[in-house]
Amino acid sequence: MADALTLAAIAVLAAVALGLVRVLRGPSRLDRMMAVQLLGSGGVAVLALLAVASGTDAILDVALTLALLAAFASVALARALGNARADGGETGR
Amino acid sequence: MSLAPLDAATLYGLMGAILVGLGLYGVVLLGGFLRRLLAFNLLGGGVFILFGIVARRGAGAGFSGDPVPQALVITGIVVAFCATALAITLIERLAEEDSDDASGGGS
Amino acid sequence: MMGLILDGGIALLTIGIAAWTIRAADDFAAVVGFVAYGLVLTLAWTRLGAYDVALTEAAIGGGATGVILMRAGARVKPAPAIRPSKRARIIVGALCAAVAAGLSAIVLLPPQPAPSLALEVREHLASTGLGNPIGGVLMAYRAADTFLETVVVLLALFGVWSLGRDAQWGGRPGPAPRSGDGGALPLFARVLVPAGIVIGIYIVWVGADAPGGKFQGATILAAMAILASMAGLVQAPPTSGRRLRWLLAAGPIVFVGIGLAGIPLAGAFLAYPPGFEKPLILVIEVALTVSLAAMLALIVAGPPEHAP
Amino acid sequence: MNVLLGLFSTVAIVAGIVFFIAGTVGLLRFPDALTRLHALTKADNLGLGLIVLGLLPYAGSLGAALKLVVIWALVQFAGATVAQMIGALALREHPTSAGRHRR
């Protein structure tokens with residue numbers, strides 16, 4: 001049971017790592033922003049699997065914090081990028 | 001002295017060592033304050049992990065790790081954040097002063 | 001075995017992200033890399049069984065540090081790329097590799113038996129009434145360090161404020177609120193902020209007996225304040241406000257007050273009178289959480305930008 | 001009953017992993033930022049949702065199960081918001097190429 005869940009965590013991590021390679025290469029900044037999104041949901045999935053695999057409830061609290069703060073970071077990134085664009089004098093819609 | 005067993009602590013310890021090397025390279029060679037600051041934080045992450053494996057190997061008395069180094073790392077992360085924040089504000093202010101000088105007007 | 005494969009994967013991913021961050025073409029990309037680095041380090045700390053540290057890394061490493069770096073990345077013009085000569089790269093690379101190799105040797109040849117204070121902590125933990133050994137270390141064994149740490153955070157805030165322009169001293173930090181910003185952000189903040197406040201308080205509360213605590217909880221609360229201000233729901237208070245200054249000082253004042261009371265009552269500065277350890281530690285933790293949350297949020301908000 | 005529950009969990013978790021892999025394939029194969037965004041948000045949120053669903057029977061306590069659901073909801077909600085923000089930015093940057101994908 002624990003081994004199977006750890007295997008599942010490895011599979012998710014591998015998928016996320018592969019996607020990360022693609023997203024970080026860009027070419028646009030929008031692609032790169034998805035990296036945080038991808039690692040946020042993937043990392044939370046890995047932590048959830050590990051929490052149940054090891055029966056450690058504390059890992060769920062880590063996952064909860066990660067979900068909250070990864071969301072916060074990616075929203076801040078999107079906003080910082082939006083502001084940079086607006087200041088750069090590009091016209092909006 | 002004998003070779004450490006290949007376990008999680010050893011693996012992450014080697015990772016920490018490599019992170020310190022990478023961060024150091026960035027601090028020395030990268031151009032621009034922001035990039036150096038980032039590299040310094042990467043280095044810090046590696047140092048904290050090295051503390052973490054000391055904690056992990058000191059596991060005992062029913063704890064999954066020695067609590068003292070772990071508490072040190074928590075203090076370290078908070079202080080590193082404060083130093084980074086101060087440095088970034090300084091970098092921003094420097095950039096502001098530079099652009100004031102360039103446009104010929106002060107505040 | 002399965003666990004070791006996972007650990008190897010996390011370690012490789014962390015090193016890859018760190019290397020990518022060092023090599024990244026522009027500042028924005030490097031900041032994204034650094035936030036990703038904070039997220040994978042959280043996984044590494046979890047695998048090392050250091051859940052308290054994992055919580056701190058998730059909150060501060062990925063979240064708060066990432067946001068101030070983004071602020072700088074958006075404002076600071078990228079520095080002209082300096083291409084160090086090939087010789088410099090080889091020499092520095094070799095030296096850094098030597099440092100990494102030296103540290104690896106220390107990792108591979110550990111002292112036997114491993115040094116540990118776990119037994120001593122276990123012996124004395126009962127006297128604090130706490131169940132979380134790390135909380136016990138922070139609040140009893142290293143109480144003076146923890147007190148000075150909050151002072152460091154406060155000093156960092158003063159440092160950030162003092163870097164503002166003279167004319168704006170005492171004014172409000174952060175960008176002016178924009179009404180009708182539109183998009184999904186205001187709705188997101190309206191839902192997430194209340195949920196985040198509950199989670200932040202929960203993390204402080206479980207910190208007495210399980211992984212968690214004031215620094216982690218305070219960072220979550222600070223992040224929610226920043227989110228509300230990013231969404232234009234609230235505006236940062238003027239830094240000269242009397243109420244704000246009391247809020248910032250409350251934690252350190254309570255801490256030092258209880259610490260001083262320990263001299264006549266328990267025989268030492270920051271010693272707790274027997275029987276009152278747990279309630280006193282909880283009072284300090286709550287006061288510190290409130291002050292730390294305000295400090296961290298204001299540090300992220302930056303120096304005052306509007307004349308008072 | 002237990003066998004059924006185990007089967008349900010296995011199917012849900014495996015399906016969740018398949019969605020994560022599908023998301024990665026989408027990221028690797030799709031031509032521009034907007035379509036990649038589509039692949040990422042759909043796949044990851046469904047993937048995490050299915051994994052959480054599969055883990056629920058083994059959560060051990062009601063509190064743990066509740067935390068799992070809250071975690072999923074947080075990620076789902078953040079994903080939707082960030083996707084909207086990235087999408088708006090993409091539209092502002094390349095109005096024509098982004099418009100091509102709208103029907």
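Chain B and chain C meet through 78 residues of chain B and 88 residues of chain C, in a model that is predicted. About 7,400 Å² is buried between the two chains, and carbon and sulfur atoms give 77% of that area. The interface holds 2 salt bridges. One of them joins the side chains of Glu96(B) and Arg165(C), at 2.7 Å from N to O. Polar contacts link 10 residue pairs across the interface of chain B and chain C, counting pairs with both residues at pLDDT 80 or more.

On the side of chain B that touches chain C, the elements giving two or more residues are helix H1 (8-29), helix H2 (33-57) and helix H3 (67-103). H3(B) gives the most, with 26 residues. By residue class, this side of chain B divides into 47 nonpolar, 21 polar and 10 charged.

Over all chains, the count of aromatic pairs is 4. Among them is the pair of Phe147(C) and Phe255(C), which is edge-to-face, with 5.5 Å between the centres and 75 degrees between the planes. Phe147(C) belongs to helix H7 (residues 143-162) of chain C and Phe255(C) to helix H10 (residues 242-266), so the pair ties together parts 108 residues apart in sequence. Phe147(C) counts as buried at 15% relative accessibility, and Phe255(C) counts as buried at 0%.

Phe158(C) and Trp161(C) also pair: their ring centres are 6.3 Å apart and their planes stand at 40 degrees, so the pair is tilted. These two residues are 3 residues apart in helix H7 of chain C, a separation of about one helical turn. Phe158(C) is partly exposed, with a relative accessible area of 40%, whereas Trp161(C) is buried, with 3%.

Note on methods
Residues numbered from 1 in each chain as written. Chains lettered and ligands numbered in written order. Predicted model: local features only at pLDDT ≥ 70, side-chain atom pairs only at ≥ 80, totals over all residues. Heavy atoms only, no water. Contact = heavy atoms within 4.5 Å. Buried area = accessible area lost by both parts, 1.4 Å probe. Salt bridge = Lys/Arg side-chain N within 4 Å of Asp/Glu carboxyl O. Polar contact = N/O pair within 3.5 Å; in protein donor to acceptor, adjacent residues only side chain to side chain. Helix = DSSP H or I, 4+ residues; strand = E, 2+ residues; numbered from the N terminus. Nonpolar A, V, L, I, M, F, W, Y, C, P; charged D, E, K, R; others polar. Phe/Tyr/Trp six-rings, centres within 6.5 Å; stacked < 30°, edge-to-face > 60°. Buried < 20%, exposed > 50% of the residue type's maximum accessible area, 1.4 Å probe, protein only.
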